[in-house]
Amino acid sequence: MSKRQTSKCSNLGKSKNHQRNVKKGLVLYKEVPNSQPLFHTFSDAVEIQDFQKRLLSWYSKCKRDLPWRKLAATETDDDKRAYAVWVSEIMLQQTQVASVINYYNRWMQKWPTLQDLAEASLEEVNELWAGLGYYSRGKRLQEGAHKVVLQLEGHMPRTAEELQRQLPGVGKYTAGAIASIAFGQVTGVVDGNVTRVLCRTRAIGADPANSAAADTLWALAHTLVDQAHPGDFNQAMMELGATVCTPKTPLCMECPVKQHCRALHQVEKDRLNSTKRLFGKTASKSLPVLDMEECAAVSGNCYLCLPRSVPWEPSLGVTNFPRKTTKKQPRIEHTATCVLQRKCSDGNPEYFLVRRASSGLLAGLWEFPSILLEQGQEKQQKVILTDHLLTSLGNDLPVRQLQYVGEVLHIFSHIRQTYLIYFLNVDKDEENWNKNVELPASRWVTKTEFQISAISTAMKKVFNIYEKWSCRMNDAQVSLSFDRTKQLLLMPCFASYS
């Protein structure tokens, strides 16, 4: 480290001139916390208060009108309020707000209290949850309701620590959200939206999934939270990340706390220096707020700065933060599935469904008879599916009439699943299957019943592909029948000419 840098490091926080230098609303803190570099902290009380005031004022004016916020604001019963928040937070995990609203309204209309949910069956829960994804969430909500009603005398735990300890599927973030919004506990929360806001405002370039970086983010959240309005403040942080400080196209000029954003300051510094270079002037090095290079110079090798392997890229602006986590590639799977159909007494079709296992992917949901193919078995898909159908449904099944329909891709969070779709008609009128299948975990359903059953989005995609194929097949048969009729009508004419 040069003498100039050493001097800067030793004098930082000691000189009165550096205790509260303000330019464009940006603050230089007066001391470096022992736990982490100054550049990445909120340690000045004046700045924290200004951040809180600006954010809460913006939230009061600009927050979205969402049903769970109405319930949290108007419900006077603590347990009902906590339950309403709990349901919303679970539904919003890995799911966009727009997708959740309708599910949330139907859920709260059907089960407005913990007691109502505790009395519901898992089948009812799965039916309502169908299409929302991550189906274990609904199951855990129901399990949690059972526990609250049967073991906790119907009262929700009141603190984040107890919520996380007592309720299945409730982690650190969800517990903090419920505790702060429903019970007013002064505790911060960190989700994806809050992570993005914090990483940009404090220029944290470390991988957020790293334990040290995650601890820093939680510490920042606890430091910032408004003690008088913790629930509103936490919702405001999440709202800011969802609507303004977005992943790819942030609206920085509309941000209520842009004065406190390290990343935006770096963007403005780059712009200023570029302008000066354009006019032949020397780039300024006298801005009163630490930039990222100075942070590293002061602290040596800062574990919270952007790593040297991923340096600041001016064209990305504030989206340099947070650092993009390397995602694990989803595994590729293929599943052979059969749409098994028969006709009802009224002539309408019915479809055969089986229930999946009670644990694992899509636990407890209904699906067409299916089998997961092992790697390399794709070319033997029909044979393998045939053997599976004969084994599970009986040897008299007319599998020779199995017809290939097509395929459809469905992407789960960790799996790229391709469904290889087949069709088999088992109408008794054609006497091709006399067995009336009545297995414990199976049933025949009409199209209407199929649509309201606990069916995954993947199976609905399979059924849509089948219906399109069936329409094409019917059109082809009509066309062929028309051609044959036309030939028969024209035959006497040809005979007279001969």
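Is F423 buried or exposed? In this predicted model, F423 counts as buried, at 8% relative accessibility. The views below show this residue and other parts of the interior.

**View 1. The aromatic pair of F423 and Y466.** The ring centres of F423 and Y466 lie 5.3 Å apart with the planes at 20 degrees, so this pair is stacked. The pair joins distant parts of the chain, with F423 in strand β8 (residues 415–425) and Y466 in helix α18 (residues 457–497), 43 residues apart. Y466 is buried as well, having a relative accessible area of 4%. Both rings belong to one aromatic cluster, formed by Y351, F368, F423, F450, F463, Y466 and W469.

**View 2. The aromatic pair of F352 and W444.** The structure contains 17 aromatic pairs. In the pair of F352 and W444, the ring centres are 5.0 Å apart and the planes stand at 55 degrees, so the arrangement is tilted. F352 lies in strand β4 (residues 349–355) and W444 in strand β9 (residues 442–445), so that the pair links distant parts of the chain, 92 residues apart. F352 is buried at 0% relative accessibility, and W444 is buried with a relative accessible area of 11%.

**View 3. The nonpolar cores and the surroundings of F368.** The largest nonpolar core comprises 112 residues, and those with the most contacts inside it are L55, Y83, W86, M91, W107, M237 and F368. Helix α4 (residues 78–91) supplies the largest share of this core, eight residues. Another core, of 18 residues, lies apart from it and includes L397, L420, L424 and W444. Beyond its neighbours within four places in sequence, F368 is in contact with T337, C338, V339, Y351, F352, L353, V354, F450, M459, V462 and F463.

**View 4. The buried aspartate D79 in helix α4.** D79 lies in helix α4 and counts as buried, at 11% relative accessibility. The side chain of D79 makes a polar contact with the side chain of H155 at 2.8 Å. The D79 side chain also reaches the backbone nitrogen of M156, at 2.7 Å. Neighbours within four places in sequence aside, the residues in contact with D79 are L114, G154, H155, M156 and R158.

**View 5. Charged groups over tryptophan rings.** The charged end of K172 is placed over the ring of W218, 4.3 Å from the ring centre. R443 lies over the face of W366, with a distance of 4.4 Å from the ring centre.

Technical notes
Residues are numbered from 1 along each chain as its sequence is written. This is a predicted model: local features need pLDDT of at least 70, side-chain atom pairs count only at pLDDT 80 or more; totals for chains, interfaces and linings use all residues. Side-chain values use heavy atoms; hydrogens and water are left out. A nonpolar core is a set of buried Ala, Val, Leu, Ile, Met, Phe, Trp, Tyr and Cys residues joined through side-chain atoms within 4.5 Å. Buried means under 20% relative accessible area, exposed over 50%, partly exposed in between (1.4 Å probe, protein chains only). Helices (H or I, at least four residues) and strands (E, at least two) are DSSP runs, numbered from the N terminus. Contact means heavy atoms within 4.5 Å. A polar contact is a pair of N or O atoms within 3.5 Å; within protein, one must be able to donate a hydrogen and the other to accept it, and residues adjacent in sequence count only if both atoms are side-chain atoms. Rings of Phe, Tyr and Trp (its six-membered ring) pair if their centres lie within 6.5 Å; planes under 30 degrees apart count as stacked, over 60 as edge-to-face and the rest as tilted. A charge sits over a ring if NZ of Lys or CZ of Arg is within 6 Å of the ring centre and within 35 degrees of the ring normal.
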